[in-house]
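Please keep the sequence and the model in view while reading.

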Amino acid sequence: MPSRRYSVFAIAREALRQHSGWSRAWASPEPRDRYKVVIVGAGGHGLATAYYLGKNHGITDVAVIEKGWLGGGNTGRNTTIIRSNYLQDPSAAIYDKALKLYETLSQDLNYNVMFSPRGLIMLAQTEHEVRGYRRTVHANNLQGVATEWVEPARVKELVPIINIDGPRYPVLGGLYQARGGTARHDAVAWGYARACSDMGMHVIQNCEVTGIETANGQVQAVNTTKGRIGCDKLALVVAGHSSQLAEMAGFRLPIESVPLQAMVSEPIKPCMDVVVMANTVHGYMSQSDKGEMVIGGGTDSYNAFTQRGSWHHIEETVRALIETFPMISRLKMLRQWGGIVDMTGDRSPILSTTPVGGIFVNCGWGTGGFKAIPGSGWAMAELVAQGRPGPLAAAFGMNRFREGRFIDESVAAGVAH
Amino acid sequence: MLILTCPYCGVKAEETELSPGGEAHLKRIGPDGTAEEFEAYLFARKNIKGVHFERWRHAYGCGKWFLAARDTHTMQVYGTYRAQTAHATDEIVANARQARAEWVPDWPQASEAVVG
C-alpha cells in the first residue's frame, strides 16, 4: 500500500487526531522466489538505483537486499558533504548531475532530505594546492560547473572563525562552490526506500548474500540468509565489501577496502554556515543543524574491515583543525566512528558491466560517495536497464584500468574527498 | 593501534613508525606480459576480509621492508617475516589456522617456504 503523501495538510490533520494516522514509511516484506532485478546493498546508491529503475525505466519488479539495516553502512557514516567541483570531465558530469538532483530531491521524493546548499570551500594551504585549485576552477568553468577561486580575505569573510595566518597551515585561498553544501544522510536513504516501496519494490533488510549462482556465464540467483532469490539481473552496490561479492561471482575488482573515520562534537551555537575542507591536513568540518561540529578525517593506509580506524588519524585531524579553527580547541567530541571505503587506483568510481552476464557493479566511490548518490543511481539504473552504460557511466567501466584510461581524481581531490 | 615486530631489528613498532606497502607476494610482470597480466599486477587485489599478507617498511627504524600476516577483520597479527621469503612461515600459518580453522594457504606447500 503506498504511503500517505507528506504535506503541511497531513501534519495539520494528524495534529488534530494525536498523530494516530501515520503509517510506516516503507514495507518490510519477505523475499519472493524471483525478481527481474536484485540489487545488493540498501544504502543510498543501491536504493537510488532502484528508484531510477522504476522512475526512468519502468522496471519495478525489483528487490533491494541488505545484510544489515537500511542506510547503516557508509550512507549513515559519512560527513554529508555535497559538491561537484571535480577536475575531470566525466567526474564533473556525474557529480553535477547528482548535485542537480539533490536540489529537487525533497520534492521528487516527497521526503525532506534537508538539502542545505550553504556553500563549500576547499582550503588551499600549500602552493601546490593553490595551483591545483586554480586549475580546477578553470576546468569547472569549462564544464559549466560554477566555482570560483577566493583570496584569503574572502575566506575569512565567509568563515569568520578561521585562522588564515598559519604558521604551519596558512590559508592561501580557496576553491569555493556556492551550490555545494550538506544533506541529512539518513533521510536520503529513507526517502528513496519509501519511494521504492511505494512503487511496489521490495526493500529487504537483515538479508545477507552468501553466494551467487551462475550458469554458462550468466547470473541465475543469489543465495541469502533468507533463501534463494532468482534474478535476471544483479546489481552489486555494496561499497566496502565489493571485493567479497565479486569473489562470489568469480571475478576480481581493482578495489582495496580501508577504514575512513569521522567524529562529531557536542552541540554549540551556530558559528560556521559553510562547509570547509582542508585536504592537505585531511580534515573537513561543517556544523549540523543540531549545532554539532561534524568532522571527517583521513583514511587508514592499510586494508581493514573494522569500521573503526586508527587512533593516530584522529589525532592528526584534530591537531590540524585546531590550528585552523582555534575556537574548537576546547570542544568535546561526542562520537567517533569508521566506515569501510572502497578505493580504486584512480580514486574514481566503477559503474560497469562485469565478466558475468547480467551482473553489474557500482563501487569504488571511496571516500566521497554520499554526494554522488542521486547521479550514481541515475547512471546505474540506465546501465542495468539497458545492459550497457549511458553517457554518464560510459567512462567509468572497470576495463579502464586495463586500457590505461584513468579518470585521475587523486590529485584534484587531495586524499579525502 | 597496530603493533608489528620488525623481523630484522626485533623492535616492536607501532604503526606511526611504519609505512604500509600493500599486498605482498605480487608477481612482477615482464615486458612480454599481456594487458590483462599488467592490469592484474597493478590493480587487481585480493582485498581479503580475513588472513591478509602485506608489505611494510620500518620507515622510522631500520628502514627495511618486511612482510606481515594480519587479519583485516579482527586486526589480529599472525606474525611478521622477512621480505626475501616466498611464503609465510609454518608458524604464521599455524597461528592463522588456530584463529580461522576454515582458512587454507593459497600456495601449494607451506613447508617449502624459503627463508633468504
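Chain B contains 2 helices and 6 strands; helices (H or I, at least four residues) and strands (E, at least two) are DSSP runs, numbered from the N terminus. The model is a predicted one, in which local features need pLDDT of at least 70 and side-chain atom pairs count only at pLDDT 80 or more, while totals for chains, interfaces and linings use all residues. Residues are numbered from 1 along each chain as its sequence is written, and chains are lettered from A and ligands numbered from 1 in the order in which they are written.

Along the sequence, the elements of chain B follow the pattern β-β-β-α-β-β-β-α. Taken along the principal axes, its C-alpha atoms fill a box of roughly 40 × 35 × 30 Å. A compact globule of 116 residues would have a radius of gyration near 13 Å, and the 15 Å of chain B agrees with this. The radius of gyration is taken over C-alpha atoms, and the globule rule is 2.2 Å times the number of residues to the power 0.38.

Chain B holds an open sheet of 4 strands in the order E3-E4-E5-E6, with antiparallel pairing; two strands pair if DSSP finds at least two bridges between them. Strand E3 (19–23) and strand E6 (77–82) of chain B are the edge strands, each pairing on one side only. On average, neighbouring strands of this sheet are turned by 30 degrees against each other, direction ignored. Within the sheet, strand E4 (residues 51–57) and strand E5 (residues 65–71) of chain B are joined in the antiparallel sense over 7 bridges. B:Val51 has B:Asp71 in E5(B) as its bridge partner. Helix H2 (residues 90–99) of chain B lies across E4, E5 and E6 of chain B and runs at about 165 degrees to E6(B). Axes are lines fitted to C-alpha atoms, for helices over the stretch in contact, and angles run from 0 to 180 degrees between N-to-C directions.

The next subject is the meeting of the two chains. Here 18 residues of chain B are in contact with 19 residues of chain A, contact being defined by C-beta atoms, placed from the backbone, that lie within 7 Å. On the side of chain B that touches chain A, the elements giving two or more residues are helix H1 (35–42) and E4 of chain B. H1(B) gives the most, with 3 residues. The residues of this side divide into 7 nonpolar, 5 polar and 6 charged. In this division Ala, Val, Leu, Ile, Met, Phe, Trp, Tyr, Cys and Pro count as nonpolar, Asp, Glu, Lys and Arg as charged, and the others, Gly among them, as polar.

Chain A has 11 helices and 18 strands. Its C-alpha trace spans about 65 × 65 × 40 Å along its principal axes. For 417 residues, a compact globule would have a radius of gyration near 22 Å, and chain A, with 21 Å, agrees.

In chain A, 8 strands form an open sheet in the order E5-E6-E4-E13-E14-E15-E12-E16, with mixed pairing. Its edge strands, each pairing on one side only, are strand E5 (148–150) and E16 of chain A. From one strand to the next, the twist averages 20 degrees. Strand E12 (residues 256–267) of chain A is joined by 10 bridges to strand E16 (residues 333–343) of chain A, and the two run antiparallel. There, A:Val258 has A:Val341 in E16(A) as its bridge partner. E12(A) also pairs with strand E15 (residues 292–299) of chain A, in the antiparallel sense over 5 bridges, and A:Val264 stands opposite A:Val294 in E15(A). Strand E14 (residues 283–287) of chain A runs antiparallel to E15(A), with 4 bridges between them.

Two helix contacts in chain A complete the picture. Helix H3 (residues 89–103) and helix H10 (residues 373–386) of chain A pack at an angle of about 110 degrees, with their axes 6 Å apart. H3(A) is therefore roughly perpendicular to H10(A), a term that covers angles of 65 to 115 degrees. The residues of this contact divide into 9 nonpolar, 2 polar and 1 charged. Helix H2 (residues 44–57) and helix H7 (residues 185–198) of chain A pack at about 35 degrees, with axes 9 Å apart. Their contact comprises 10 nonpolar, 2 polar and no charged residues.

Key: Angles under 35 degrees count as roughly parallel, over 145 as roughly antiparallel, 65 to 115 as roughly perpendicular and the rest as oblique. Two residues are in contact if their C-beta atoms, placed from the backbone, lie within 7 Å.
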